[in-house]
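Hi there,

Here is the structure I promised to pass on to you. Please have it open while you read the rest of this email.

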Amino acid sequence: MSIPNFYFERGSITIPAAEWNENTQLFLSHIFKYDQRTDQYRAEARHYATAMLSLHKNGIAYKDNIKQFNHCDFEFTDKSITPRPYQTEALNKFRANRSRACIILPTGAGKSFLAMMAIQKVKRDTLILVPTLDLLEQWIEVIEKTFSIQAGRIGGGVKELQNITVCTYDSAQLMMEYIGNRFGFLICDECHHLPGPQYQFAAIMSVAPFRLGLTATPDRSDGKNAYLNDLIGPIAYEQQIQQMSGVYLSDYQTHLIEVPLTDEEDKEYRHERKIYTDFIRKNNIDFSSHASWFDFISLCFSSEDGKKAFKAHQKQKNILKTSENKLKKLYELIQKNKQHSILIFTDDNKTAYRIGETFVLPVITHHTKSAERKEFLNKFKCGAYPILVSSKVLNEGVDVPEANVGIILSGSGSKREHVQRLGRILRKGKNKNAVLYELISKNTSEKWQSRRRREHSAYSQ
Amino acid sequence: MLKKVHLRYKIQSNHIIPFYLQLNKWRELSQAILDTYTSCIGKKYCELEEALSKYVNNTESIAKVSKGLIHIIEKKIEFEPINSEKYEINRKNCFLKSAESIRSNENYDYESFLNISQNNKNSESTLYGDLKENQIILSTPSWTCDDLIHRYNLSLVQGILIFANDVTLSIHPESAQKIRSLLRYLSFMGLLFEVVKNHSSEVLLKISGPLNAFSSSLKYRSKIANIIGILPQLGSYTLNAKISIEQKKGILFIDDKKKLKSHYKPFFEYTPEEIKSFIQKVDSSLKKVLCFRSYPVFPIIEVKKWYIPDYCWVYNEMQIELLIFQKYQKNMLLNTYEKVVSLKNKTLVFFIDRSLKIDLPDAAHIHKIYFKDIPSSQKFIQFIKKDILNKQSP
């Protein structure tokens with residue numbers, strides 16, 4: 001009986017059909033499938049560890065031509081750092097789950113340090129997936145500081161592989177067919193992104209036997225968070241903001257402030273709103289289902305009434321985003337908190353730039369070039385710039401520990417976005433008390449939107 | 001490639017029918033949009049957006065087609081180079097002053113705060129003047145309205161093909177080089193293919209990605225969709241794709257009669273000069289006795305094994321196949337040799353670069369000739385005359 005050879009082929013693992021024997025049939029037939037195109041048996045790369053373990057445990061000889069990752073020892077530069085008790089507990093739970101698990105911790109709780117602890121324990125070449133270039137830079141800084149080594153990066157036009165490499169999800173889905181067998185440990189930061197239709201291939205095409213998912217908000221509106229179990233592993237440890245606030249996270253308060261529209265704005269808003277809602281009623285559109293938004297869009301462009309309704313919908317939303325009194329209130333809050341570090345969140349880039357132009361403030365969006373973004377963040381950290389404005393870029397991951405005041409000028413109804421925004425100001429600091437203000441226009445649809453996004457334990461104060 | 005929101009198609013009797021733009025019907029709109037772009041050269045991008053809004057906010061079909069056409073042109077616009085650094089320095093100064101005024105302002109006075117803030121700005125330029133909407137358009141593509149429509153039609157098919165689960169391509173090849181180039185392209189793109197049928201007049205390939213062996217794999221669909229860009233260069237072809245789009249299913253059928261034009265760079269045309277010269281010399285020297293076949297049959301030995309000879313001649317009903325192996329084709333030589341070593345009813349000539357230095361086992365039907373750098377036509381002609389014609393002549 002010939003010894004089966006295992007190969008890595010563009011995100012899959014293969015065995016030549018001629019080497020498929022009784023043993024492989026017995027132990028691997030549940031994950032491998034005969035591929036008549038190439039006369040091989042083929043499985044998704046993520047099943048690598050299962051396949052190898054299965055043969056190894058049963059004493060079956062095989063030749064592994066897949067593994068291109070090494071056993072590595074990473075030493076902490078500063079050996080005096082002691083982890084917080086919950087970090088140790090989370091790491092133990094991760095290890096107890098064969099080093100394949102998701103850890104849910106609030107923003108500011110030290111997920112990056114937990115990841116460094118895991119890298120040191122797992123001792124394998126590691127690939128860290130992140131959703132944005134800002135986070136890529138941030139992780140590289142953490143790795144280089146923690147282990148005094150050069151970290152690799154894939155993303156933003158750069159491809160440098162090192163023992164610990166950071167890669168964006170976008171680059172990973174393109175590159176994994178070539179590098180899927182180069183890393184033994186896969187860390188997915190903000191792992192709620194992973195189950196997306198394309199991003200999931202980053203995990204499917206990787207052979208990494210050890211996997212760690214990190215997020216503060218695992219839930220997805222499409223319910224695909226359940227895929228994380230297959231792609232990474234089960235949730236092994238979970239802590240929420242409320243459990244940690246005051247001890248490991250800052251104490252915080254949230255204020256919902258209702259601001260009236262001016263008479264003129266109110267009149268215009270009601271007028272546009274009526275055109276829109278009349279159209280909705282006339283066409284029996286029910287927004288409680290996800291598909292209805294698409295029904296609305298397609299109806300809008302099939303009649304003159306629809307086009308008017310769509311324009312009215314856009315117009316009434318724009319009135320609410322930067323109403324005159326909202327801007328005045330925003331200034332009042334800026335003045336009230338002028339000794340603090342303030343983050344202002346908007347729903348879209350256009351509003352963010354409008355605020356930036358009006359109040360002469362630095363704005364960070366995906367248009368902001370990397371060097372300038374870095375400068376904005378550094379100046380914010382050192383206090384030279386007391387305020388930063390952003391739409392979505394600062395929602396997730398980016399570490400702005402100095403921020404202790406958040407002002408939400410506009411946003412979606414997403415709970416995840418709202419919790420992430422709160423998380424930005426919660427990192428523990430000396431005598432730090434965080435405050436999150438949410439400005440909504442009084443007696444308008446923003447009230448319902450706000451109610452939806454506040455349906456989370458973090459807001460049940 | 002058009003995005004899903006731009007796609008126009010219908011599903012009829014289980015078939016996906018793309019709404020191709022007819023030249024005579026859509027020339028006017030295509031030209032109007034191109035003219036709008038041209039008229040905005042030297043203007044800000046936001047002015048272009050404003051000028052295009054009348055097409056984008058129009059009846060459903062015009063709006064959708066316009067968005068598709070705009071999507072295609074957008075990638076080809078060039079903007080006047082801007083001095084980002086100047087803007088960045090200006091911003092830095094403004095923000096420092098603004099921070100200072102926020103901290104020093106004692107009283108709540110919104111209006112005066114706004115005045116101070118605005119005074120902090122450099123009056124010559126807007127704070128974020130380097131954003132795309134403020135950039136000046138330098139040039140737009142110099143396409144004709146017909147060019148744009150052809151690009152749209154190709155992008156439309158690609159946009160639909162990205163939802164393909166299963167693609168079958170039938171080609172009627174003119175030459176072995178084209179087949180070889182196509183297979184090389186598929187392999188370069190990381191796609192797999194299965195030769196379903198093979199005749200001298202038709203080759204049928206099933207194309208998919210490695211992960212398509214498992215259900216609902218999206219990974220390789222964009223690569224599959226890109227194939228459409230090279231198909232018009234193949235000459236005669238038909239493509240059938242099983243499409244699942246927006247919870248509906250249907251078959252997309254495309255063939256060369258659709259007259260899709262591709263702007264992709266010629267993929268199949270390149271033949272190295274030395275090979276051209278080689279084949280011309282051989283053909284002119286032996287044409288009285290050998291019948292040259294530009295497209296040899298695409299031989300399948302067993303179900304999953306195939307090889308493609310470079311050239312093929314017929315002499316007294318005997319097929320002589322020539323396979324050339326350059327210095328970088330060691331693996332291909334070994335694989336092919338393994339496949340054909342049992343084919344004793346053929347006459348195969350392996351023309352091998354000397355640097356490969358592989359010890360191949362002897363087989364009576366396989367003749368090995370070695371060359372240095374460039375295949376020598378003289379050697380091949382001598383071999384044919386000496387070993388084939390002399391031995392076979394009555």
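Predicted model: local features only at pLDDT ≥ 70, side-chain atom pairs only at ≥ 80, totals over all residues.

Residues are numbered from 1 along each chain as its sequence is written, and chains are lettered from A and ligands numbered from 1 in the order in which they are written.

Let's begin with the helices (DSSP runs of H or I, at least four residues; strands are runs of E, at least two; both numbered from the N terminus). In chain B, α1 (residues 23–39) packs against α6 (residues 145–161) at about 110°, with axes 8 Å apart. The axes are lines fitted to C-alpha atoms over the stretch in contact, and angles run from 0 to 180 degrees between N-to-C directions. The two helices are therefore roughly perpendicular (65 to 115 degrees).

Next, the chains: 34 residues of chain B and 38 residues of chain A make the contact (C-beta atoms, placed from the backbone, within 7 Å). On the chain B side, α4(B) gives the largest share, eight residues.

Finally, most residues other than glycine have a negative phi. A:Val360, not a glycine, has a positive phi of about 55°. A:Val360 lies in the loop between α14 (349–359) and β16 (363–364) of chain A, and counts as buried with 25 C-beta neighbours inside 10 Å (the cut-off is 20 or more).

Happy exploring!

Definitions and conventions: Parallel < 35°, antiparallel > 145°, perpendicular 65-115°, else oblique. Contact = placed C-beta atoms within 7 Å. Buried ≥ 20, exposed ≤ 12 C-beta atoms within 10 Å, placed from the backbone.
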